[in-house]
Amino acid sequence: MTKELFTCCLMLASALFTGPAIASEDAAPDALVRHVSEEVLAIVRSDKAIQSGDTRRVLALVDEKVLPHFDFRRMTMLAVGKDWRSATPEQQSRLTSAFRTLLVRTYSNALTQYRNQTIDFKPLRASLDDKQVRVKTEVSQPGAQPISIDYSLEKANGSWKVFDVIVAGVSLVTNYRGSFGDEIRARGIDGLIASIEAKNKSLETAQGG
Amino acid sequence: MKIAGFLKTSRLAFVAAAFLASCANAPPEDPFERYNRAMFSLNEKLDATVAKPVAKAYVAVTPAPVRTWVGNFFGNLNDPWISLNNLLQGKPADALSDLMRFLVNSTMGIGGLLDIATEARLPKHDEDFGQTLGVWGFHDGPYVMLPFFGPRTLRDALAFPLDRTFDDSWHFVSDIATRNSLTMLQLASDRARVLGLERTLDEATLDKYRYSRDFYLQQRRFKVYDGDPPVEYENFDLDDDQTETTGETQ
């Protein structure tokens with residue numbers, strides 16, 4: 001029904017978790033994204049268990065190959081918006097851990113939906129000393145127009161980390177700002193933490209793993 | 001006759017009044033929120049009871065290549081409308097490319113079953129009359145949830161009857177049975193492509209309506225900027241007066 005939204009969700013899912021994962025510290029951001037995407041997709045393509053929706057296996061794959069290249073604190077800050085400033089360090093770390101779990105649980109599963117899309121990596125247009133870059137890719141599937149998936153990366157302590165994934169123009173991270181803001185206005189920061197944690201708990205029960 | 005007419009008018013007035021009343025306490029960025037939320041949950045129910053089961057049955061009885069052909073077939077039929085809209089937006093090169101797509105796929109692609117144009121570097125575009133109105137200077141207007149067809153901005157909702165008619169040229173097929181079958185087939189085909197994803201959406205969000213709305217509006221903005229909107233990331237770790245919003249290289 002909201003066809004585009006669904007399609008984007010799929011793309012977004014495969015985007016987030018086909019994100020970066022080489023260990024080498026000074027790898028160029030575009031090479032990083034490319035390398036990790038290709039590695040992860042190769043595994044998904046050859047793993048029947050993942051294709052049939054084995055939650056545990058997907059989580060293990062994502063945990064090993066993908067998560068080390070994401071900056072979840074930065075992501076959570078951007079999802080929460082300016083209320084981040086009024087959160088205590090303890091609240092910030094609980095928010096980060098809850099949001100991380102939510103993203104990982106949700107989008108890992110969508111990786112099991114990946115089939116025969118092809119990814120086209122766009123040339124990077126950035127000068128060498130940039131602290132932030134956006135790596136652009138385009139995912140094609142038969143019978144539909146290609147969807148753009150962009151990764152925003154930031155250089156910290158010598159390595160590039162992804163802090164945003166933008167699918168068809170929609171930031172996976174800042175798209176949460178509206179509903180998180182509503183929740184904070186109604187129930188405070190602790191209320192938001194409680195809601196995300198409750199959501200995570202219900203996902204864990206539903207998915208197992 | 002007169003009474004029926006009167007009833008019709010007054011019912012319309014009543015609906016309009018109820019609609020406006022529902023806007024009284026709504027947030028400025030979503031004045032129709034109460035109506036929208038109601039329509040959103042109705043759409044969800046329609047999806048669960050009609051669209052999704054139809055799509056599941058369709059997947060069960062067709063092999064994957066057939067589904068690709070069907071998707072290509074319907075995709076091909078809206079290329080002329082995309083072409084015309086590109087022309088109306090002053091992009092004749094894109095319009096020509098869309099027209100070429102239609103010609104190539106309709107002939108060598110066996111009536112549109114194969115999308116060989118994409119392989120021949122004639123990419124599919126995403127245009128509609130709502131976007132054309134945008135290029136002409138009409139504002140988006142508020143977010144509106146249409147029954148069954150889902151979210152639109154008010155501008156796109158007004159363009160929708162035209163888009164709906166010309167997007168799928170087979171609406172002009174005069175045989176009702178054929179037309180209905182095609183309608184069902186397209187519904188099944190579109191919905192089948194995203195089976196399993198409503199789960200992701202359910203799981204990802206605290207408030208599904210709010211998330212979908214923000215998603216839709218962000219995406220419209222992206223299209224307005226023809227895929228290249230300005231991006232800024234704040235850093236809330238810094239103090240107020242130091243706060244920098246960093247642009248980024250694209």
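**Helix packing and local backbone features**

Residues B:D79, B:P80, B:I82, B:S83, B:N86 and B:L87 of α4(B) meet B:P92, B:D94, B:A95, B:D98, B:L99, B:R101 and B:F102 of α5(B), a contact being a pair of C-beta atoms, placed from the backbone, that lie within 7 Å. These contact residues divide into seven nonpolar, two polar and four charged; here Ala, Val, Leu, Ile, Met, Phe, Trp, Tyr, Cys and Pro count as nonpolar, Asp, Glu, Lys and Arg as charged, and the others, Gly among them, as polar. The model is a predicted one, in which local features need pLDDT of at least 70 and side-chain atom pairs count only at pLDDT 80 or more, while totals for chains, interfaces and linings use all residues. Residues are numbered from 1 along each chain as its sequence is written, with chains lettered from A and ligands numbered from 1 in the order in which they are written.

Two packed helices are described by the angle between their axes and the distance between the axes. For α4 (residues 79-88) and α5 (residues 92-107) of chain B, the angle is about 165° and the axes are 7 Å apart. Axes are lines fitted to C-alpha atoms, for helices over the stretch in contact, with angles running from 0 to 180 degrees between N-to-C directions. The two helices α4(B) and α5(B) are therefore roughly antiparallel, the label for angles over 145 degrees. Their crossing is left-handed, meaning that the near helix is turned anticlockwise from the far one by less than a right angle.

Also in chain B, helix α3 (residues 64-77) has 14 residues, and its end C-alpha atoms are 20 Å apart, in agreement with the 20 Å that it should span at 1.5 Å a residue; the expected span is 1.5 Å times one less than the number of residues. Among the buried residues of α3(B) are B:W69, B:V70 and B:F73, where buried stands for 20 or more other C-beta atoms within 10 Å, exposed for 12 or fewer, and partly exposed for values in between.

Chain A holds seven helices and five strands, both taken as DSSP runs (helices H or I, at least four residues; strands E, at least two) numbered from the N terminus. Of its 209 residues, 52% count as buried.

What of the backbone angles? Most residues other than glycine have a negative phi. A:N157, however, has a positive phi of about 50°; A:N157 sits in the loop between β3 (144-156) and β4 (159-167) of chain A and is exposed, with 6 other C-beta atoms within 10 Å. B:F148 has a positive phi near 65°, lies in the loop between β1 (143-146) and β2 (150-153) of chain B, and counts as partly exposed, with 14 C-beta neighbours inside 10 Å.

Conventions: Parallel < 35°, antiparallel > 145°, perpendicular 65-115°, else oblique. Contact = placed C-beta atoms within 7 Å.
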